[in-house]
Amino acid sequence: MMFVVRRLLLTIPILLLVSIMTFSLIHLIPGDPARVILGQEATPEAYQALRTELGLDQPIVVQYFSWLGKVLQGDLGISITDRVPVSQLIMQRLPATVELTIGTFLVAILIAFPAGILAAVRRGTWIDYTSTFTALGGMSIPSFWLAMMMIIFFAVNNQWLPASGYVPFLEDPKQNLLAMVLPCLATGLRESAVLMRMLRSSLLDVVSMDFIRTAKAKGLNEARTILGHALRNAMVPVVTTSGLMIAGLLGGLVITESIFSIPGFGRLIVESVFKRDYVTVQGAILVSAVLVVLVNLAVDMLYAVIDPRIKAGKGAGE
């Protein structure tokens, strides 16, 4: 319990620092939100009135604490351009990104774990070389190029899957799943290469340890030794990589979302930056930071499950 409490307490200064940095950096972007909304032909009176309404005439410190106070009450503000609550915009866009992230991660796991385990067990064989070469190729291929090639082959030439578009799962589950196949594959194949390399490297380190040699000496077969003993001990760096992967996907899928016309969270942030809607950008980045912190907290919990020494505050070598 204390382990969880300590991790939660550490998130408070992190989120506070993120809020300060986000608020400050947004105000350094050239341009005036009031001028963007009203245009260059607006009268000075209308311009000043809108700045007062948005609180832009106040000192930046006053603006920050006013914004932070509202955030702590669950109010992320009103979008400057869309004139709707930012929380509403985020809730409209976030489900698509979360679904795409989960699908991408599942594709990565289903490919990376079998390939990584086989490459480590059959080190130095054609299986290892093939897996390694494929992983390096997957890491080198740009995801946008792979996405377009998949669209050409699966959607244009053969019409097996839809090329783009998004339908909410509750509205049409079948169409939703069909529409998510290509974007999940396009991003999942690349992420699986990273995960596979990490799993292979971690397993090779573990299988050379004394307890694995002891298990083999006792007559345990190779499959039971790898899956029952080595794999769990090799999971800590893999979990770390997975956590970083998920955190990155939650806010970094804008290219995939743009190619497949998915109204996701990443596209919302980019669109808001172009429109100089700094209220939406601030709220979206803060939500993104909270999601990253929650993912890291979940990773810490998994550390404690995989290796109880971490929960007790001991190092891996103790």
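A residue counts as buried under 20% relative accessible area, as exposed over 50%, and as partly exposed in between. In this predicted model, R267 has a relative accessibility of 22% and is therefore partly exposed. The side chain of R267 meets that of E271 in a salt bridge, at 3.6 Å from N to O. These two residues are four apart in helix 13, so about one helical turn separates them.

E271 is itself partly exposed, at 26% relative accessibility. Its side chain also forms a salt bridge with R93, at 3.0 Å from N to O. Searching the whole structure gives two salt bridges. Through shared partners, R93, R267 and E271 form one network.

Helix 5, which spans residues 86–121, also contains S87. S87 is partly exposed, with a relative accessible area of 31%. The C-alpha atoms of S87 and G283 are 7.6 Å apart, although 196 residues separate the two in sequence.

The largest pocket has a volume of about 440 Å³. Its lining consists of 19 residues, of which L54, G55, K70, Y278 and V279 are the closest to the centre. Helix 3 (44–54), helix 4 (60–72) and helix 14 (278–306) each contribute at least two lining residues. Helix 4 contributes the most, with five. By class, the lining comprises nine nonpolar, six polar and four charged residues.

Technical notes. Residues numbered from 1 in each chain as written. Predicted model: local features only at pLDDT ≥ 70, side-chain atom pairs only at ≥ 80, totals over all residues. Heavy atoms only, no water. Buried < 20%, exposed > 50% of the residue type's maximum accessible area, 1.4 Å probe, protein only. 1 Å grid on protein atoms, 1.4 Å probe; cavity = no way out; pocket = protein on both sides within 12 Å on 5 of 7 lines; lining within 4 Å. Points joined across faces, edges and corners; volume = space filled by probe spheres on them. Nonpolar A, V, L, I, M, F, W, Y, C, P; charged D, E, K, R; others polar. Salt bridge = Lys/Arg side-chain N within 4 Å of Asp/Glu carboxyl O.
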